[in-house]
2 protein chains.
Amino acid sequence: MFMEFITGLKAKETKEISDILAQEIAGKVRINGYIHTVRHMGEVAFIVLRKREGLVQCVYEEGVTEANLKELKEGMTVTAEGILHEEERAPQGFEVRLTKINILTSPKEGSMLPLPISKWKMKTSLETKLNYRPISLRNIRERAIFKIQEGIIRGFRDFLYSQGFTEIRTPKIVAGNAEGGANVFKLEYFGSKAFLAQSPQFYKQTMVGVYDRVFEAAPVFRAEKHNTTRHLNEYTSLDFEMGYIDGFEDIMAMETQMLRYVFDFLKAQYAKELKLLEVTLPDTAKIPAVRFDEAKVLVSEKYNRKIKNPYDLEPEEEVLIGKYFKEEHQSDFVFVTHYPSKKRPFYAMDDPADPKFTLSFDLLFKGMEITTGGQRIHDYDTQVTKMMARGMNPEEFSNFLMIHKHGMPPHGGLGIGLERLTMKLLDEQNVRETTMFPRDLSRLEP
Amino acid sequence: MFMEFITGLKAKETKEISDILAQEIAGKVRINGYIHTVRHMGEVAFIVLRKREGLVQCVYEEGVTEANLKELKEGMTVTAEGILHEEERAPQGFEVRLTKINILTSPKEGSMLPLPISKWKMKTSLETKLNYRPISLRNIRERAIFKIQEGIIRGFRDFLYSQGFTEIRTPKIVAGNAEGGANVFKLEYFGSKAFLAQSPQFYKQTMVGVYDRVFEAAPVFRAEKHNTTRHLNEYTSLDFEMGYIDGFEDIMAMETQMLRYVFDFLKAQYAKELKLLEVTLPDTAKIPAVRFDEAKVLVSEKYNRKIKNPYDLEPEEEVLIGKYFKEEHQSDFVFVTHYPSKKRPFYAMDDPADPKFTLSFDLLFKGMEITTGGQRIHDYDTQVTKMMARGMNPEEFSNFLMIHKHGMPPHGGLGIGLERLTMKLLDEQNVRETTMFPRDLSRLEP
């Protein structure tokens, strides 16, 4: 009566090239992929196929390969069969001498590629690349960027699992917002007013009460009207939050160890992409930490720059702090600690030694903030008092305050902007370069 | 000048209980956690601590333990020191005889717990559990649910990585929506009209053109006005999409193998939680597949039920199909294939043998749809023709059609509702039981 039983993956008659790549080179293989380029050389032709593993050089030979060479065009997808041979001039160190090539699909007749994706470096403006994102990502260098980004997120998760963290899923449609301010997207929710979550802040603190240590890697939304090279209106936030800390230094220590793990993981698992993009992994053996107010003085003195705003770091100051610690301590990273209380959210714990400052930090990477973190208030009365001092109504936050009311361990955590971290790691000049499908003031598509 | 160098995790003087649990039981240990219960027994008292690993029994003994027993109350967090002893009656098979216990934090004075979280089974209504979600999740059984859910998502990712899939991040704020219909949340986006993504459909198809095989595990949003035990307005969708398929059976085969891996992974890594919730893992050795139209006839005949709507499955029919294949083939799963074209989206590939049906499937688990998948149209003209036949304007989809225009391999994929899969695995009656912070018609908080 019914069609069949599905028992799992089908056995293939011949070896797939994907299975071969890690193994010895020998014998007859099957391969599929996009036609990346066709280069005619008289009686032979080089047909380079684009596969998930990279480019594979195939050789068409007249009288040997069953196919009509004239039909084969860039952008087609094909299946092919052939014999694998070592060939040191080929991109992978081997080539497939084709016995047969079979067209699977074709692009629309007469369609012209909007940008030269088969070129090694496309030399195309960012604007054009983003307008044609579905196609520009097919370029070998472009797609390597997002493989490395995958590696960062995998390393982040793997490390945190190993440290006893639990992965959580928190809602993105929320009734109130943790970070305050006007930078929030509004939404009609069955007759109620709702927002898109600016961060998982309330929920991750909540889940520390459940699992002690938690993390989430998920989208967050900021309705900021900044049109800069480092702002996005939707980005991926790598968040963790941990209980039973002795101080916010525990969080910086966990981040340091995490970054070290991530870079080691990239080195081991994404060596091909690192090489392709000529990435030098930064040293994380020890990361300097400096107080916010001291950092301002340091760069003011060294670079002869007047301090304009004592309560915030201007982007230019971040750049100079990065420069200072690179020059003086050969570090691409620097923790800036003890941010002024008035620039930190209401859940930040003030420094008992001087409540004008908080037990908090940013991590700068090559002169740009990629992480914000700190210790949070765990005591109910302290939290309510701080809210009221800011003119907030604690009753509006009763769901959040439930955790303080019924007991929370000392805790803190951080959020890392994945796209910014990737941007600085790859020495890109615009965060859109390291965002798969960026959302900004003027860009809602593709 | 600066505070210190952060080199990584601090060394602890004594062993942490978390490090011990997997190791031999011996010697002096440190432990931290919530006070879960205090049971007075004359000169001794049992203090059970709640930690991420579970409950740990500690023994207070007068004259031995440095602490004021009267001060210790449920909901406090503490650090303690003691000597580890085997004790078969304790939850973990050992207990800590306390030498010292130190209060870290306290709940608000006089606050009464809204529900009995230290009870084994809370016997609390779902409504109450959800109203006090931040606290109810602290219950041992509640939190085990979401550890298993973590296991499912980890297994999903691990398996797909092993099969050459690339993890992608697609935008949740979008200009158009793949699934059509009115069930979409609207959003003001800097003066433009935007939507919350109902699925990553366009983007995951796009990324098949880049990486051949891709997946994403991320939130999706449906503005459905259903108030049922199986609908959510925000849920986690486990999506994958793969190119170079021979047919949609390849996708069902990949899902079958993935589910098998996930259940093996749970068995190996989440045995404690499975045991705690008394979960029996389903058999996935072979999953039956039946055509949509045949399935309707089968249950109509066996259960003597009139076919009302030939183009869709009613929830009751899904239940009966599940029942049929459980009774006749001892399978908790069944693939229902070849859904009618008019009930599937415009990107679904019609069956060339009978274009009234599509090359698509749902997977039912214990009588409920947990997956929708199928082969997609890859050819530009075919896609444009199908759109126009539905009265759609292809120009509005030019970003999506870019991939068809410049060539796509034969491809298809699926989306799995994580919370539903968890619900059916745990034999829960309401999907809200297996959603950390559910969003529905009436619930936007906590």
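In the predicted model described here, strand 4 (residues 44-51) of chain B and strand 5 (residues 54-61) of chain B pair in the antiparallel sense, with eight bridges between them. The two strands are joined by a hairpin of two residues. Within this pairing, Ala45(B) lies opposite Tyr60(B) of strand 5 of chain B. Strand 5 of chain B also takes part in a parallel pairing, being joined by three bridges to strand 7 (residues 94-105) of chain B.

The overall organisation was examined in chain A. This chain contains 12 helices and 20 strands. Its C-alpha trace spans about 85 × 70 × 40 Å along the principal axes. Of the 446 residues of chain A, 49% count as buried. Among contacts in chain A between residues at least 6 apart in sequence, 62% link residues that are at least 24 apart. The domain assignment divides chain A into domain 1, covering 15-105, and domain 2, covering 140-434. The centres of domain 1 of chain A and domain 2 of chain A, taken over C-alpha atoms, are separated by 46 Å.

Two helical elements of chain B were found in contact with each other. A pair of packed helices is described by the angle between the axes and the distance between them. For helix 10 (residues 380-389) of chain B and helix 11 (residues 398-405) of chain B, the axes come within 8 Å and cross at roughly 145 degrees. Helix 10 of chain B contributes Tyr380(B), Gln383(B) and Val384(B) to this contact, while helix 11 of chain B contributes Leu401(B), His404(B) and Lys405(B). By class, the contact between helix 10 of chain B and helix 11 of chain B comprises three nonpolar residues, two polar residues and one charged residue.

Helix 12 (residues 418-425) of chain B is largely enclosed by the rest of the structure, because eight of its eight residues are buried. These residues are Leu418(B), Glu419(B), Arg420(B), Leu421(B), Thr422(B), Met423(B), Lys424(B) and Leu425(B). After helix 12 of chain B comes Asp427(B), which has a positive phi, near 55 degrees.

The relation between the chains was then considered. Chain B is superposed on chain A by a rotation of 180 degrees with 0.0 Å of shift along its axis, giving an RMSD of 0.0 Å. The two copies are therefore related as by a two-fold rotation axis. In chain B, the C-alpha nearest this axis belongs to Leu187(B), at 2.6 Å from the axis.

At the interface, 101 residues of chain B are in contact with 101 residues of chain A. Helix 6 (residues 249-269) of chain B supplies the largest share of the side of chain B that touches chain A, with six residues. By class, that side of chain B has 53 nonpolar, 23 polar and 25 charged residues. The copies meet through the same surface, because 100% of the interface residues of chain B are also interface residues in chain A.

Conventions: Residues are numbered from 1 along each chain as its sequence is written. Chains are lettered from A and ligands numbered from 1 in the order in which they are written. This is a predicted model: local features need pLDDT of at least 70, side-chain atom pairs count only at pLDDT 80 or more; totals for chains, interfaces and linings use all residues. A residue is buried if 20 or more other C-beta atoms lie within 10 Å of its own, exposed if 12 or fewer, and partly exposed in between; C-beta atoms are placed from the backbone. Helices (H or I, at least four residues) and strands (E, at least two) are DSSP runs, numbered from the N terminus. Axes are lines fitted to C-alpha atoms, for helices over the stretch in contact, and angles run from 0 to 180 degrees between N-to-C directions. Two residues are in contact if their C-beta atoms, placed from the backbone, lie within 7 Å. Ala, Val, Leu, Ile, Met, Phe, Trp, Tyr, Cys and Pro count as nonpolar, Asp, Glu, Lys and Arg as charged, and the others, Gly among them, as polar. Copies are superposed by least squares on the C-alpha atoms of residues with pLDDT of at least 70 in both. Two strands pair if DSSP finds at least two bridges between them. Domain bounds come from an automatic or database domain assignment.
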